[in-house]
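Trainee: I have a model open and want to learn how to read it. Can we go through it feature by feature?

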Amino acid sequence: MLQEIGQTGVQGSRIALGCMRMAAIDLAQAEQVIGTAMAQGMTFFDHADIYGGGESEKRFGEAVKNLGLAREDMILQSKCGIQQGYFDFSKEHILQSVDGILERLGTDYLDFLVLHRPDVLVEPEEVAEAFTQLKGSGKVKYFGVSNQNRYQIELLQAYLEEPLAVNQMQLSPAHTPMFDAGLNVNMKNSAAIDRDNGIVEYSRLHKMTIQAWSPFQIDLGKGLFVGHPDYQLLNETIAKYASQYGVSDEAIVIAWILRHPANMQAIVGSMNPKRLKRIAAAEHIHLTRPEWYDIYRSAGNSLP
Ligand SMILES: NC(=O)c1ccc[n+]([C@@H]2O[C@H](COP(=O)([O-])OP(=O)(O)OC[C@H]3O[C@@H](n4cnc5c(N)ncnc54)[C@H](OP(=O)(O)O)[C@@H]3O)[C@@H](O)[C@H]2O)c1
């Protein structure tokens, strides 16, 4: 299933394959993973220059070449801006990063370039110059950000010639700060803390696509909620709906993300072809409101 990405007119798959873990598999496995993703309609691929120290992009590029896939049948996105011990949105770094990305992926253009994590020392004029140059040379078609709040986006946007298309944010049933604050407005509990300046509503108003990363994880670095003892009720609830709909638990998790009316993309990171096939079934599931909230509450969230 396809959806428009931002306001670009580009139709991207609602389930995208994140290639962060591709350096950990060999070339033959990467070919299988990419081939399976394509066959399942997951034609949008997310990369970053730092994944596997560049090895993930390289493996992907080699695998795509071996598979003989046509460039125009895929949408390729990569990210830059993370350096060893700091973040770097300087013009020089952005331009250099894109050259490295294109070489490793074996392509002459990116569909989307995303700034990976906010750089406190950002000079928006420099970012704008870099983007204009990249667009003009044909190296990048569209741009986006990741892990940014509303005002960080607005600051950049004030200097850019066209709207930012995407914002990549962590979201899973066990990681929901983007929803918690909106559900707890004006309450004194910690769920009420607004950690992103209302990014979901902002993204909907400005037609930016939220790309939900790590849909099966708890917080960054805390691992999977799948099978985790602290998330027993969540896992049971997901299993209940999986059995009801006749799909896998994985499909219910992704269906929960796709059910949100903001038209988010889910960026899944599995390097297991069988799991990818199970995940793909999510596109055919439309959870009801009670089911969606049941999963949300099962993760330990309470409603006011
Ligand atoms: N913008 C950012 O700051 C940022 C940060 C992190 C990630 N990302 C993007 O998000 C993508 C996805 O991240 P992720 O890999 O952490 O996402 P994920 O889909 O939540 O996790 C996938 C990992 O969990 C494993 N896994 C084990 N059991 C599983 C189960 N029952 N269901 C699903 N997965 C299971 C998978 O193993 P198998 O391979 O064996 O299936 C794989 O290693 C990355 O590739 C990257 O593109 C972006």
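Trainee: Is N263 buried or exposed, or something in between?

Mentor: Start with the scale. Buried means under 20% relative accessible area, exposed means over 50%, and partly exposed is in between (1.4 Å probe, protein chains only). N263 has a relative accessible area of 43%, so it is partly exposed. A word on the source: this is a predicted model, where local features need pLDDT of at least 70, side-chain atom pairs count only at pLDDT 80 or more, and totals for chains, interfaces and linings use all residues. Residues are numbered from 1 along each chain as its sequence is written, and side-chain values use heavy atoms, with hydrogens and water left out.

Trainee: Where is N263 found?

Mentor: Learn the labels first. Helices (H or I, at least four residues) and strands (E, at least two) are DSSP runs, numbered from the N terminus. N263 sits in the loop between α9 (249-258) and β12 (265-268). Its phi is positive, about 55°, although N263 is not a glycine.

Trainee: What is the phi of N186?

Mentor: It is near 70°, again positive in a residue other than glycine. N186 lies in the loop between α6 and α7 (199-205). With a relative accessible area of 75%, N186 is exposed.

Trainee: How do I read a helix such as α3?

Mentor: Begin with its span. The expected value is 1.5 Å times one less than the number of residues. Helix α3 (residues 91-105) has 15 residues and reaches 21 Å from first C-alpha to last, close to the 21 Å expected. Then think about direction. An α-helix has 3.6 residues a turn, so residues three or four places apart point the same way. Now look at burial: among the buried residues of α3 are I94, L95, V98, I101, L102 and L105.

Trainee: Which elements do the buried residues of α3 pack against?

Mentor: Packing is read from contacts, meaning heavy atoms within 4.5 Å. The partners include α2 (55-67), β5 (75-80), β8 (110-115) and α4 (124-137). Just after α3, G106 takes a positive phi of about 70°.

Trainee: What does the side chain of T237 do?

Mentor: Look for polar contacts. These are pairs of N or O atoms within 3.5 Å; within protein, one must be able to donate a hydrogen and the other to accept it, and residues adjacent in sequence count only if both atoms are side-chain atoms. A polar side-chain atom of T237 lies 2.8 Å from the backbone oxygen of L233. T237 belongs to helix α8 (residues 232-245). At 5% relative accessibility, T237 is buried. Beyond neighbours within four places in sequence, T237 contacts D294, I295 and S298.

Trainee: Which residues come nearest to the ligand?

Mentor: Near means that a residue has a heavy atom within 4 Å. Of the 27 residues around the ligand, R21, D46, S214, S270 and R275 come nearest. A polar side-chain atom of Y51 is 3.3 Å from a ligand nitrogen.

Trainee: How many disulfides are there?

Mentor: A disulfide is a pair of cysteine sulfur atoms within 2.5 Å. A search of the whole structure finds 0.
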